[in-house]
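I opened my notebook today to look up a few features of this structure. Here is what I wrote down, entry by entry.

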Amino acid sequence: MITLRVNGQAIRVPAGASVAAAILQAGVPSRTSVTGEPRTALCGMGICEECRATINGKRHARSCQRIATEGMEILTG
Amino acid sequence: MTEPVDILIVGAGPAGMAAAVAASGSSRHVILIDDNAAAGGQVWRNFTAQNTRDYPGAKALADLNTRLRNTNVEVRCATRVVGQPAANVLRVEDDQGAGDLAYRHLILATGARERFLPFPGWTLPGVMGAGGLQALVKSGLSIQGKRVVVAGSGPLLPAVAASLAKHSAHVLGIFEQAPLACLMRFALTLAAHPGKFLEGLRYRSATLAAPYRTSSWVTRAHGNHRLQSVTVSVNGAQRELACDYLACGFHLVPNLELSRLLGCTIDNIYVRVDANQKSSVPHIYCAGELTGIGGLEKAFCEGEIAGLVCAGKSAAHLFDRRNRHARFARQLDTAFAMRRDLAQLADPDTLICRCEDVPRRAVETCHNWREAKLHTRCGMGPCQGRVCGPATELLFGWTNDSVRPPLTPARVRTLANACAAAQSRKISEDSR
């Protein structure tokens, strides 16, 4: 298991897990839509862009295509 | 300028992996790229050398994986194609930066995605694709004890339900929009594909506790900022089911964007290829779901053909098998054709375009896809119509065939780079 932080909250996921899985595990939306709706991953395979989040300071990263690593800092919303 | 790659393959699922192994050998330079973090595509997502037995086509996967590692194929994951800066050159971007890959032969194996159809509540957190939820579970999401409704259409639904049940989810039911009569006709054709029949039985036996209903679909998802329940229409009767996740996808559509950008002829909804998997554009081959949604075996077989042909070998011994799989793909399309009722699920306030939050009310005043883009921004967001495009095809009969670079959101630096290949070509022409 590895630990990363989603909006400051420590989340534990299995090694090899995607960041999108960690965000869902945290129970928070990955992004807010242009009219203010909360959204989470839809396709899980890098198509829909709903899982975009800020990963280690890099904005708009497709979290379903990024492997979670120890100590990673994720910001959503 | 760096030398062109002999064979460049886009997409490292079963088709791309099979193509790479078949194309490798002697001193040929083969590069296999994929936008996901690892090879395997969707069906073999997150496989390792130790767990290949848990996947469909386990033997083929184990064999391909071993052979791929013993070849000199260069596998580059987390790499996306952004555009075509010059003829026979693809611009790619990864986490570190961007670069251009010139090629002699190109094999496109970009696979398929789920068709998503809008209904009230479909943008709520907790509503996901069927394959989408499965992909996330394969990628580490714990679903233990969660109540899941599986809905939509296609052979993927029972497979997803089985996989979720195996991860200790509580699958409440599988709701397939196709009518029973269509599926019965389809089941009869499976006699010609005993392997697929057995696979179907295995999935079904893994989820016997969950009912499989035909002529059934989700009409509405309920919840305040998060999914709480869904209303399903089962043979015309409405029922509400409390659930944590809705896994909903309506069969698959091919990822045609790159093929379209490169000018490959599309017949109806698939890329046109000849017996050797060659597209209408010289030096470009297509394999797998791009030529017909047929699943693992078809992709595998077509990838091998494309790889062999690009390596200058004959693939004629595989034609019969490929043709059988192609027939199966057409039968799938017929069996799981979308019923018109699904076009009526979205109400005027339901968002059609999730990127730009465009409701049906705004979109349906337009006459075509282009007009909708210009007037409402439908399809203009980051996914570039990959989700709402197929939806508007079904809802309004529009064709979404306009593809422009960049194919996906890309860094400005990636777009601003001059094409090294094009420049060096120009210099050599000038000095001639």
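**Entry 1: the sheet in chain B**

I began with Met128(B), which stands opposite Ala247(B) in strand 15 of chain B. I was working with a predicted model, where local features need pLDDT of at least 70, side-chain atom pairs count only at pLDDT 80 or more, and totals for chains, interfaces and linings use all residues. Residues are numbered from 1 along each chain as its sequence is written, while chains are lettered from A and ligands numbered from 1 in the order in which they are written.

I found two bridges between strand 8 and strand 15 (residues 245-250) of chain B, in the parallel sense. Pairing takes at least two DSSP bridges between two strands. Helices (H or I, at least four residues) and strands (E, at least two) are DSSP runs, numbered from the N terminus.

The open sheet has five strands in the order 8-15-9-10-11 (chain B), with parallel pairing. Strand 8 (127-128) and strand 11 (212-213) of chain B are at the edges with a single partner strand each, so one side of each has no neighbour in the sheet.

I then looked at what covers the sheet. Helix 3 (residues 130-138) of chain B lies across strand 8, strand 9 (147-153) and strand 15, at about 125° to strand 15 of chain B. Helix 4 of chain B touches strand 9, strand 10, strand 11 and strand 15, and makes about 180° with the direction of strand 10 of chain B. Contact means C-beta atoms, placed from the backbone, within 7 Å. Axes are lines fitted to C-alpha atoms, for helices over the stretch in contact, with angles from 0 to 180 degrees between N-to-C directions.

Is Ser168(B) buried or exposed? I noted it as exposed, because it has 11 C-beta neighbours inside 10 Å. The cut-offs, with C-beta atoms placed from the backbone, are 20 or more others within 10 Å for buried, 12 or fewer for exposed, and partly exposed in between. Ser168(B) is not a glycine, yet its phi is positive, about 70°. Its loop runs between helix 4 (156-166) and strand 10 (170-176) of chain B.

Gln277(B) also has a positive phi, near 70°. Gln277(B) counts as buried because it has 32 C-beta neighbours inside 10 Å.

**Entry 2: a cis bond**

I looked up Pro405(B) and Pro406(B), and a cis peptide bond joins them, with omega about -5°. Pro406(B) is in the loop between helix 12 (388-396) and helix 13 (412-416) of chain B.

How values were computed
Two residues are in contact if their C-beta atoms, placed from the backbone, lie within 7 Å.
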